[in-house]
Amino acid sequence: MILRTFGWSFGVTAVGLLLALLYGGPAGLALVAVLSILEISLSFDNAVVNAKVLDRMSPFWQKIFLTIGIAIAVFGMRLVFPLVIVALTAQLGPFQAFDLALNDSERYHDLMNDAYPTIAAFGGMFLMMLFLNFVFEERAEKWLPWLEKPLARIGRLDQLAVVVAAGALSFVAWLAAEDPGTVMIAGVLGMITYILVNGLGELFSEAAESDDADEDEEAGEESAAAVARGAVKEAAADGPPRRGGPSPLAVATGKAGFFLFLYLEVLDASFSFDGVIGAFAISTDPIVIALGLGIGAMYIRSLTVFLVRKGTLHEYVYLEHGAHWAIGALATCMLISIGHHVPEWITGGLGAGLIIAAFASSIIRRRGEDREPPEAPSGEGGKALHSSNV
């Protein structure tokens, strides 16, 4: 199970560390290893949320996420995205930006820092919307009932997440941003992206479930009619009538899977913003950063698959809660960092601490359930059992 799930990650780690050694010597190897650990620590909550969404996707779209999605996460967000940001900020061509990254790393670093408020506003608001929609929703399981109950109660107000997120964005832009207009536009685009991608994913998921129920009902009616006509054997031999093109269920599932895939990619991008910027505190070499963060991203993908296959989120029910609270902490740190630098150890420590606490709470809950004695039989059946034992 471990080798099958993490095999690709182990292989990419070996190749990545070898390339780092050939490229930068022992120092390059050490930097890539540190960056890999940084990425894993900052994005563990990403894996938990990814697993929750991935569990709703068809096997086909799961494979797409684990193949094409990895290429986008590793090469797109960890290597190409910083170059695009620098190119747009400095009004350079892509090859000029890459040359700048290789030959003038300090200038490259400065341009990335200049663009960070815009990046943080977009990613922070996307993650903030994800967090608020979670805590404002009524749930049967509550990790922190003293806090989650009142939040769910006030969450009955329609579009409260949008109101709170927009208020936080306005406050940060007014109080801390050097260019409030740019920060506001980026933050609003982050909110729109979340609402659009998440809403389309839910829309097509509901359509798929509705079509599935309709097909089951139609199949049941056809079966009953076949029995009434005495044609069960003929129907079984001939099979169901074939229609040209995919069924409505297949089309809806495809659309739902596609938008869930987009949702996961945007979510991963939002998480990667902080890791990419934070990596510059360790190294300004884009090759070293891409290798280190790429290895870390591979482990996040493998961990996502592990959580889905093991059913960990069903066994440890508070993990999802801890991950979303960690997302809320990350979003808050990203918004604060628009005006004031937040050290990476605080961001990573908050996320890891919340998830560890949620995991420990889940273990305590499971042990409590295991110690509960089985319910004694009641009613007439219980009386009969008692009398028979006597």
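Visitor: Why does Trp174 count as exposed?
Guide: First, a heads-up: this is a predicted model, where local features need pLDDT of at least 70, side-chain atom pairs count only at pLDDT 80 or more, and totals for chains, interfaces and linings use all residues. Residues are numbered from 1 along each chain as its sequence is written, and side-chain values use heavy atoms, with hydrogens and water left out. Now, buried means under 20% relative accessible area, exposed over 50%, and partly exposed in between (1.4 Å probe, protein chains only). Trp174 has 66% relative accessibility, so it counts as exposed.

Visitor: What makes Phe171 partly exposed?
Guide: Phe171 comes in at 48% relative accessibility, so partly exposed is its label.

Visitor: Why is the pair of Tyr316 and Phe359 called tilted?
Guide: Rings of Phe, Tyr and Trp (its six-membered ring) pair if their centres lie within 6.5 Å; planes under 30 degrees apart count as stacked, over 60 as edge-to-face and the rest as tilted. Here the centres are 4.9 Å apart and the planes are at 40°, so Tyr316 and Phe359 make a tilted pair.

Visitor: How do you know that Tyr316 is buried?
Guide: Its relative accessibility is 17%, so Tyr316 goes down as buried. Phe359, at 34%, counts as partly exposed.

Visitor: What sits over the ring of Tyr316?
Guide: The charged end of Arg366, 5.3 Å from the ring centre. The rule asks for NZ of Lys or CZ of Arg within 6 Å of the ring centre and within 35 degrees of the ring normal.
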